Amino acid sequence: MRIRLVAAFYCVSVIFIGTAGAANQPAEANQMVPVAKVDFNHDVRHIFSNHCYACHGPDANKRKAGLRLDRKEDAFKKLKNGDLALVPGDLKKSALWDRVSATEDRKPMPPADFGKPLSPKEIDTLKRWVVEGAQWEDHWAYIAPKRPQLPEVKNKSWPRNDMDYFILSRLEKEGLQPSPETDKAALLRRVSFDLTGLPPTPAEVDAFVADSSPGAYEKVVDRLLASPAYGERMAVQWLDLARYADTNGYHIDNAREMWLWREWVINAFNKDMPFDQFTVEQLAGDLLPSATVDQKIASGFNRNQMVNFEGGADPNEYLSKYVEDRVVTTATVWLGTTIACTECHDHKYDPFTQKEFYQFYAFFNGIPENGLDGQKVNPVPSLNVPTPEQTAKQKDIQNKRTAFAERIKSEVAKAHPNESVTSAAVKPPDTREVVWLDDAPPPGAVLQGNEGTASWKFVTKPAPVFSGEKAHTRTAQGLSQHFFTGATPPLHISAGDKLFAYVWLDPKNPPKEIMLQFNDGSWEHRAYWGGNHIDWGVEKTPNRLPMGPLPEVGKWTRLEVDAQAVGLADGANMNGIAFTQFDGTVYWDKAGLVTRTPPAMAFTTQAAWEAAKDAKLPKPIQDLIAVAPAKRTDPQKAELRTYFIRYVDGGSRPVFDPLNKEDEQLKKAEADLNAATPSTMVMQEMEKPRDTFLLIRGDWQNKGEKVTAGVPKSLPPLPPGVKNDRLGLAKWLVAPDHPLTARVTVNRYWEQIFGIGIVRTSEDFGSQGEWPSNPQLLDYLATEFIAQKWDVKKFMKLLVMSAAYRQSSHVTPELEQKDPENRLLGRGPRFRLPAEMIRDNALAVSGLLNRQLGGPSVRPYQPPGLWEQIAFGGDFSAQTYLQSHGPDLYRRSLYTFAKRSLPHPSLVTFDAPNREVCTDRRPRTNTPLQALELLNDPIYVESARVLGQRVMKEGGADVASRLRYAFKLSTARLPSDQELAVLRRIYDKQLAKYQKDKDAALKLVSVGESKRPAELDVSELAAWTAVGNVLLNLDEVITKG
Amino acid sequence: MFSPQELRQALTRRTFLTRSTTCLGGAALASLLNGRLSAAEDAPDLKSYGALPQLHFAPKAKRVIYLFQSGAPSHIDLFDPKPELTKRTGQELPSSVRGGQRITGMTSGQSQLLMVGPSNKFVRCGASGVEISELLPHTGKIVDDIALIRAMYTEPINHDPAVTFLLTGNQQPGRPTIGAWAAYGLGSVNKNLPEFVALLSGGGGQPLLSRYWGNGFLPGRYQGVQFRSSGDPVLYVNNPPGIDAGTRRDLLEGIQDLNRLELGAVGDPEIATRINAYEMAYRMQTSVPDLMDISKEPESVLQMYGAEPGKASYANNCLLARRLAERDVRYVQLYHRDWDHHGNLPNEIKRQCGLTDRASAALVTDLKQRGLLDSTLVIWGGEFGRTAYSQGKISPDNFGRDHHPRCFSVWMAGGGVKGGQVIGKTDDFGYNIVEDGVHAHDFQATILRLMGVDHTKLTYRYQGRDFRLTDVTGKVVEKLLA
């Protein structure tokens, strides 16, 4: 039955693909099967599971009375008190019956305080089962599927392939007839969405409708399967399962790079990589003999989990979270098993122990990763994958560097630092100015302020600028500031130094107070000018030092502060500065330090330079200087001498300054290249893997016994000849006798096409999961999939070639009553498109869609401020939404940048998950927020406008033919007369309106960045945009029917 | 447009369609949850509009407003006076007090853990004489209405897992927040607004994640809908440029007409649901802007909160929360950022109190004046407390405090809470709990209890397990109940 939860506000349905409350699964199955002999798996197991396993199930710690009801060998054993719980055929001797049928005074089972009493019907089922001989079966999902016989059917002409026999036989059992085949246009639209995620073009519709050859449909199916869009369509569900995203997910949620892995998935589907290979490469591609770059990229599947680096967090805690996530995800994706419970205790319903969880964990516990990582792209281990051009560039730079090193060597050999070319020639000035900040903040600076990173507003002339090209500015009401911290290297302060900054106050809007704050690890170094409005620090101390009145407005003034007066002692290292003001508009420019410390290059003898022990020198050089000259080795001496000549010696400057500059340019080119080279996270094994321990109650701080890798005992053992490692695990999953992998996989493809899995709970094939709606069909499909060598395209073809698939999706009262969810397939599938397809469809219908395949994620329109309001900011990536422009605005939705802490609204509104964790099934909801999105989101308004443009150009001359064309683009069919009349009404009325109100028309047709053909009449286009807006909101247009 | 009644008539082309569009979904679920239909009609107090067939207790709190102070305000400086700390400022925290308990990586490297007293004085407030910091003069005035929990405790020691734990019952992402549970279990009585709304203010400091108002494994419609102070108040609630209200109505009528024709031809009840959703969307287009427009509030009210129309602020959000409560929105979650005072605490906490104290108190006062406080639960608090020892050096006006999950303070008012009392006691150092600890799960159980729900009975099956907000623990804090 379909559960409709309808609350007063939304008053809309949520189809609970997930299940509400308890005890959901048997009701429907029971209704459909006539009363027959009690079947243990079908009728009894879920009663035990729901009502008994909490105390009489797999969890040894919770087991009572010595009774265990999930395994045959235990269920019939003597209890602690010597009784037998179950005696086949003998109710009186069966203690279980005695207890479940007991009256209240005798404490019936389950106990009242457990809160899950048996219904009379369930009690009756148990009774009949015992009377009929208490026949036991192992849980169906843990027994390898056997190829079932094709069932007998009455209507022999209906089936088109073997699959149809299973469906028809079931329908006939229920007294239902299949629906007639749907019309060709509708079928083409359905199969186009199912195989490519995109609608057919009107030309494709016409061609198919016109093709009356017997193989016409198969030709279409083959064409769609061969389309590159197929891989994109198939990838989406896999990305949900793999919890793919473009950010790290925890806390600051900055960017990572994993799109190469996404591209691998798309390509794998397009190449029709068999599912067993698809599995092995993603779980253990790195462990394959001579693994290719592609196989290593594939192994990133289990690096997609979230990664954390929150300050102060414990790396060991997060290491354990990453591995747990891999266990849970792998078990969900391939085993359809909810193993997460066993992280803390033995499973309450299924035959998995806590120890087995950690044995599974051990497979994934040897990755050389960090518990806290991801601050910069990418968390290790990761792989740089340069493009061919990048590889060529890299070689070029390498060659240049080799040549450069030679030149340096020969120039150093030629140089003769002259002890006498000294102080007189390059006498250091008494003081010098070190500019720290001018047109850009210093390296390493993390920009912050009242508005996060955006607080820094650099302006150019004609705004007031003192030095260079730019100044930075701020307008405030009350207290407001921008600042940075984290500059590397820091600014070194020496005794007597002065700090300076240039300031210009707006005469029209002067501030009441300005303040400079300096950070050496603390901000307690402040100087202020003007009124005393800013409430920080203690007046007249280094943390709130009055400097006198505000400088004159409308002119640049140099502010100078004695470093010691604000508490910055000799040797302090300053890493940040804050520009603070109270009210007004202020411009700031060049800031830095006036110092007497001579710059390094002013030394003219090596001995004097060494003696100065400059703390700003690179660490290795400082270390060498620390070695007594007599104790230095020859290479050490040479290194020091080279450094001195290259960077310090006054006499060598004319030769080496230009060389050093060239060197810097080379280094920058290399850094730029590295930054542009795509990276992706991969799996790898540590030389010495970490030990794995059972974690007591799942607590990472509480280690129990040590365990080694292994697969659960209730499933088959590892196949012969494989190692007990990740690769072995992968091969185990796709061994032909594995009871779960093929079933779980075909069930998911089924769900993609028919809306609900044969096992509805596609993530849970255990005893709490749903009984398959058609077990023989599931086993047929699973065995067929394996027989076809895990060929996914062949399998998808099998589904869409069936007669079941080709039925009309119209709902008759009889079907609605008997099978509202269409589990028996008495009609074709009909349901709302998934999030990505809704947007892709609008883009395709209008012609905006950019079909470029693969590549990094893009950033389509998004309402401003969504990221910024929640972001940490600083110099972390993915804190500010930088919208794409041009063709990137119109890419397919699976390329939309996936930020976990704030997924794109156009996707989440339509039930796409946030990808924090593995998601097996998306709910399908139907809400007003979706309506608002489709009505008003600029991408849909722009699509409507571009659809209008298309219709005006391609749709013929008269309004009626244009309306027909627009409707056909959107639905693949022509409108009925009634529908046409409604559309005509809308068009005529809006045209009249927009002819009167040209302003409004212009506003409407200006939505979106795509160009509008100037030759089209604005009012007319606005009316067509309105029609497009209506069409893109129709239920039919966002539904696969 | 049409009323639901008219809509229904339009749809009664086949009787089965009516079934799917009337608001009786709860009944279908009733049998699933309890195995039998409730007698909701006989006990109107227990009426539920959500997945629960009926409430388990008469609800005291018909709605909740949770003023979440993100970053974790210091209990020692605001709510839990510790003269002993003042006396011992600059001395090492006795190791017997810490007892080897975990501290974060931010202070574990410090050679000393020197205690530091509160930055400001505490004063006795109200008839109940509860002591709170002079930094919170307005909160001081409502002290007789609030129950101050001084012995809250939680498990995680970092922000992300701690917020996630306090709001979803689990440290790792994936589960629904309290608001989503409330929306799912209880539904809403408002026809024009969502049942769970999120409001954000403040900048800087710890980041927020939309999971903090997320639906977890519940369907997406239970996610908190963010009402925003700039741009569209609700995403896409405003028409695009060039489409005015009249045009929108014309186009919607066209959409509905065409959808009705499709419904007639195809017969899928889902189409009827869609028609309904568009009707609601249209109503939201008027109700949301009206709700968000605080400029119509009298000047005295604006002043009481410190709210300024058109500005993005905590004060505005508190006022909006009252307006949402008046419209019976079930659960309003505010987030105010920047309470993470690892350094410069005395100044920073003063600034934050300045931004929040007046409005928090105004909300309680205003609700009380309107007779809504009895039925509205207001909660104030962060994700954990802060350490008795300083992070970094101590000077008279500068010290910091690190994260401290072992005890912290939270207050509740209204909605069936007994005011003017203090729950629980911490030791002389504000470090460990001495009496009546309230675990995060106890806190959650109590919120649900005030809403009329037994926390063990509001469950959702996901991946084979019946999940609940309080995981496997949680005890209602009976002392809190009026």
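Keep in mind throughout that the model is predicted.

**Stop 1: chain A as a whole**

Start by colouring chain A on its own. You will find 35 helices and 21 strands there. Along its principal axes, the C-alpha trace of chain A extends over about 110 × 85 × 60 Å. Of the 1041 residues in chain A, 49% are buried.

Next, colour chain A by its domain assignment: domain 1 (24-138), domain 2 (241-384 + 683-737), domain 3 (391-426 + 601-676), domain 4 (436-591) and domain 5 (936-1040). Notice that domain 2 and domain 3 are each written as two segments of the sequence. For a sense of scale, select domain 1 and domain 5 of chain A: their centres, taken over C-alpha atoms, are 63 Å apart.

**Stop 2: a helix inside chain A**

Now select residues 354-362 of chain A, which form helix α16. Is this helix enclosed or open? Eight of its nine residues are buried, so α16(A) is largely enclosed by the rest of the structure. Show the side chains of the buried ones: Gln354(A), Glu356(A), Phe357(A), Tyr358(A), Gln359(A), Phe360(A), Tyr361(A) and Ala362(A).

**Stop 3: chain B as a whole**

Switch to chain B, where there are 15 helices and 17 strands. Its radius of gyration is 24 Å, close to the 23 Å that the globule rule gives for 482 residues, so chain B is as compact as a globular protein of that length. The C-alpha trace of chain B spans about 80 × 50 × 45 Å along its principal axes, and 63% of its 482 residues are buried. Take the contacts in chain B between residues at least 6 apart in sequence: 74% of them join residues at least 24 apart.

**Stop 4: Leu186(B)**

Zoom in on Leu186(B), in helix α9 (residues 178-186) of chain B. Why does Leu186(B) count as buried? Because it has 27 C-beta neighbours inside 10 Å, where 20 or more are needed. Leaving aside residues up to four places away in sequence, Leu186(B) touches Ser48(B), Tyr49(B), Gly50(B), Leu52(B), Arg330(B) and Met451(B).

**Stop 5: where the chains meet**

Show both chains together. Here 107 residues of chain A are in contact with 96 residues of chain B. Pick out helix α30 (residues 928-936) of chain A, which gives the largest share of chain A's side, eight residues. By class, that side has 51 nonpolar, 34 polar and 22 charged residues.

**Stop 6: the nonpolar cores**

Finish with the largest nonpolar core, which has 328 residues. Which members touch the most others? They are Val1027(A), Val64(B), Ala321(B), Val332(B), Val378(B) and Met412(B). Helix α11 (residues 269-292) of chain B supplies the largest share of this core, twelve residues. Domain 2 and domain 5 of chain A each contribute at least three residues to this core.

Centre on Ala321(B) for a closer look: beyond residues up to four places away in sequence, Ala321(B) touches Ile65(B), Leu199(B), Val332(B), Leu334(B) and Leu363(B). Then select Leu516(A), Ala527(A), Val566(A) and Val586(A), which are among the members of a second, separate core of 40 residues.

How values were computed. Residues are numbered from 1 along each chain as its sequence is written. Chains are lettered from A and ligands numbered from 1 in the order in which they are written. This is a predicted model: local features need pLDDT of at least 70, side-chain atom pairs count only at pLDDT 80 or more; totals for chains, interfaces and linings use all residues. Helices (H or I, at least four residues) and strands (E, at least two) are DSSP runs, numbered from the N terminus. A residue is buried if 20 or more other C-beta atoms lie within 10 Å of its own, exposed if 12 or fewer, and partly exposed in between; C-beta atoms are placed from the backbone. Two residues are in contact if their C-beta atoms, placed from the backbone, lie within 7 Å. The radius of gyration is taken over C-alpha atoms; the globule rule is 2.2 Å times the number of residues to the power 0.38. Domain bounds come from an automatic or database domain assignment. Ala, Val, Leu, Ile, Met, Phe, Trp, Tyr, Cys and Pro count as nonpolar, Asp, Glu, Lys and Arg as charged, and the others, Gly among them, as polar. A nonpolar core is a set of buried Ala, Val, Leu, Ile, Met, Phe, Trp, Tyr and Cys residues joined through C-beta atoms within 7 Å.
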